[in-house]
Amino acid sequence: MRIVQELLFVILFGTAVYLFSRKAGQIRKNILLGRDKDLNDHPNLRWKNLLLLAFGQKKMFRNPLVAVLHFFVYAGFLIINIEILEIILDGILGQHRLFVPVLGGLYPVLIGLFEILAVLVITGCAIFLVRRNILKLKRFISKDLDGWPRSDANYILITEIVLMLLFLTMNAADQALQARGAAHYIPTGNFWVSGMFTPIFAGMSDGTLEVIERSCWWLHIAGVLAFLNYLPYSKHLHIILAFPNAYYASLEPKGEMENMPAVQHEVQLMLQPELAANAPASDTMPKFGAKDVTDLTWKNLLDAYSCTECGRCTAACPANITGKLLSPRKIMMDTRDRLEEVGRNIKANNGTFTDDNKTLLRDYITEEELRACTTCNACVQECPVSINPLDIILQLRRHLVMEESSAPAEWTGMFSNIENNMAPWKFSMDDRDKWATE
Amino acid sequence: MHIKTMAEYAANGETPEVLFWVGCAGSFDQRAQKITKAFATILDKVGISFAILGKEESCTGDPARRAGNEFIFQMMAQNNIQLLNMYGVKKIVTACPHCFNTLKNEYPALGGNYEVIHHTSFLQSLIDEGRVKMQEGGSFKGKKITYHDSCYLGRANNIYEAPRKVLETLDAELIEMKRCRSKGLCCGAGGAQMFKEEEKGTTRINFERGEEAVATGASVIAANCPFCMTMLTDGVKEAGKEESVKVLDIAELIEQSMK
């Protein structure tokens, strides 16, 4: 019987890890569809960002109360993983609480701490459910989240609560069995939280208790493995990608726009034709700006997968606050949705993209949204996981203007004013210093 | 006050301490011209040798770049850099945070490397060095002032304290809006919005910000950007407070209060 359980566990675990790795590989492939950009400079600063922004969740603390709750859930999940390690080893080796003899008196202390964390996770998730579904905070009832994204958020919170309850119930049943001296249930010492709940099992037989304990054990680990495989389809992927995304976050001042060396070069040749003679001829016509996800950088695409749709960006966006269509969160969600679509297309067509007459621009993000951006960087500032929606907006704008000559009439006028009068308004260059003589 | 150009300095074989980059708004916009004059007056009073580029100055290219027109940006930028390098410019001060951001952060990639300072930081160092001294009981003493962070000085370049330190010397009561510093709300002009109508929405961004600024009860809204100046002035007008609430640039506040 034990060997059957061990075998079952190994199959379950192996399948879960295999499926997850396969999907993770697919996501990695999708991200690498983006344009190349070297983001490996200043590793010291990058590690610092990783520690402060991802591990330390520095930006979450712009709203301290929510940050503390989120930190409980995050720390709970991270630290309880140590317990998962024991569970996995038990499962593979057919043991029960393998670490007890190793850790001795430290064991119940560790489990006690995990249990307190589990209670904090449950509390945090419950409050988050209330904020989303009862208090209906503005950023959670936004139409950005209509349909699947809203359910996704609730599924995640409910699953986390259920997993923690299974963990606590399993421990409580275990404690009760220990007290009765049941076989296999080696004494561990008192667990701080579940130890208080053993009386609820008072009327039950040893057999029933064992069924409860085993069921909770299996459901808990199966739930964890299922959750792992849910991540790649969910906004919750941020629990993994927040880390690389912080590492690869831009180190430049937020005001700086990415240079376009191709345009720089072309203008250089125009202004200094003497350089043209020595310039290497380029036979490929460069693309200006971004029309689809594959024109964006891989960091933009990593951003899209890292987004957990919290909406802090949109809540701070001046355009959105004043009722414009633009929502930086939607920019990120659209980018991910389109990237997933392109990824599926490539997979279905044996590795090559087959034109589907769709693009990120227009089929997902409209011109009206792009036009409304004031480039104020509020969205970039607010994002706790170092996402830059503005960078995508600006690349799409570049495509509109440079590839399609699509700009509002006032902008076209502004461009020609700059070109002809060296100022965005129609003033004579000769009057530029008139103020100094008045 | 005669304001000399770089060309005049060069003709005499001299170099000024600093180039005052006036910017298009500061040069042509009537309201912003007052800011330009106020800042030039301060520089003149404290005896800093400075020059402007005069007719040779061009748009930095900021609005074109942010609207998506990289060609026009590159044309402006490369011409400006050629000119600045020809004059051997080392240090630039500007009263426009958009020019500041472009000159400081975007010109280096194109071969333009200068020490670029926004006028609020420049004023702070003049005050710190004791070169700008305030009048006893200046005209803003005890008055309520609120400060509007421009996006291109604040979030874009992380300058939040210098303007506030300058305002502190006025002995005024500084009231912060709820959305201030890195949470500051945009005036609505950035990203080339200044040059077009807003998209359809429930209100205008500058009305939203104007209302927030007026709600502090301040009689002065301090700005550091000629575009914010235009937007906030309209916002205050919309809130019906144009008589009682003045939008002034930090340079104007200092110019009116210094000895």
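Tutor: Helix axes are lines fitted to C-alpha atoms over the stretch in contact, and angles run from 0 to 180 degrees between N-to-C directions. Helices (H or I, at least four residues) and strands (E, at least two) are DSSP runs, numbered from the N terminus. This is a predicted model, in which local features need pLDDT of at least 70 and side-chain atom pairs count only at pLDDT 80 or more, while totals for chains, interfaces and linings use all residues. Residues are numbered from 1 along each chain as its sequence is written, and chains are lettered from A and ligands numbered from 1 in the order in which they are written.

Student: Which residues of H14(A) and H18(A) meet?

Tutor: Pro328(A), Ile331(A), Met332(A) and Thr335(A) on H14(A) meet Pro389(A), Ile392(A) and Ile393(A) on H18(A); contact requires C-beta atoms, placed from the backbone, within 7 Å. By class, the contact of H14(A) with H18(A) has 6 nonpolar residues, 1 polar and no charged. Ala, Val, Leu, Ile, Met, Phe, Trp, Tyr, Cys and Pro count as nonpolar, Asp, Glu, Lys and Arg as charged, and the others, Gly among them, as polar.

Student: What makes H1(A) and H3(A) oblique to each other?

Tutor: H1 (residues 2-31) and H3 (residues 64-93) of chain A pack at about 130 degrees, with axes 7 Å apart. H1(A) and H3(A) are therefore oblique to each other. Glu6(A), Phe9(A), Val10(A) and Phe13(A) of H1(A) make the contact with Ile88(A), Gly91(A) and Ile92(A) of H3(A). That contact of H1(A) with H3(A) divides into 5 nonpolar, 1 polar and 1 charged.

Student: How do you know whether Ser405(A) is buried or exposed?

Tutor: A residue is buried if 20 or more other C-beta atoms lie within 10 Å of its own, exposed if 12 or fewer, and partly exposed in between. Ser405(A) has 10 other C-beta atoms within 10 Å, so Ser405(A) is exposed. Ser405(A) sits in the loop between H18 and H19 (409-421) of chain A. Its phi is positive, about 50 degrees, although Ser405(A) is not a glycine.

Student: What is Asp171(B) called on that scale?

Tutor: Asp171(B) has 16 other C-beta atoms within 10 Å and is therefore partly exposed. Asp171(B) is not a glycine either, yet has a positive phi of about 60 degrees. Its loop runs between H8 (161-168) and E6 (173-175) of chain B.

Student: Why is Glu115(B) called exposed?

Tutor: Glu115(B) has 12 other C-beta atoms within 10 Å, so the label is exposed. Glu115(B) is in E4 (residues 115-118) of chain B. Leaving out residues up to four places away in sequence, Glu115(B) touches Lys90(B) and Lys91(B). Its C-alpha atom is 28 Å from that of Leu170(B), 55 residues apart along the chain.

Student: What makes up the largest nonpolar core?

Tutor: A nonpolar core is a set of buried Ala, Val, Leu, Ile, Met, Phe, Trp, Tyr and Cys residues joined through C-beta atoms within 7 Å. The largest has 149 residues, and Ile221(B), Ala222(B) and Leu232(B) have the most contacts inside it. This core draws at least three residues from each of domain 1 (6-124) and domain 2 (134-257) of chain B. Apart from it lies another core, of 32 residues, including Phe114(A) and Met164(A).

Student: Where do the two domains of chain B come from, and how many residues are in contact between them?

Tutor: Domain bounds come from an automatic or database domain assignment, which divides chain B into domain 1 (6-124) and domain 2 (134-257). Between them, 26 residues of domain 1 of chain B are in contact with 27 residues of domain 2 of chain B. H3(B) gives the most to the domain 1 side, with 8 residues. The C-alpha centres of domain 1 and domain 2 of chain B lie 23 Å apart.

Student: How many residues does each chain give to the contact of chain B with chain A?

Tutor: Chain B gives 56 residues and chain A gives 55 residues. On the side of chain B, the largest share, 8 residues, comes from H5(B). That side of chain B divides into 22 nonpolar, 21 polar and 13 charged residues.

Terms used
Angles under 35 degrees count as roughly parallel, over 145 as roughly antiparallel, 65 to 115 as roughly perpendicular and the rest as oblique.
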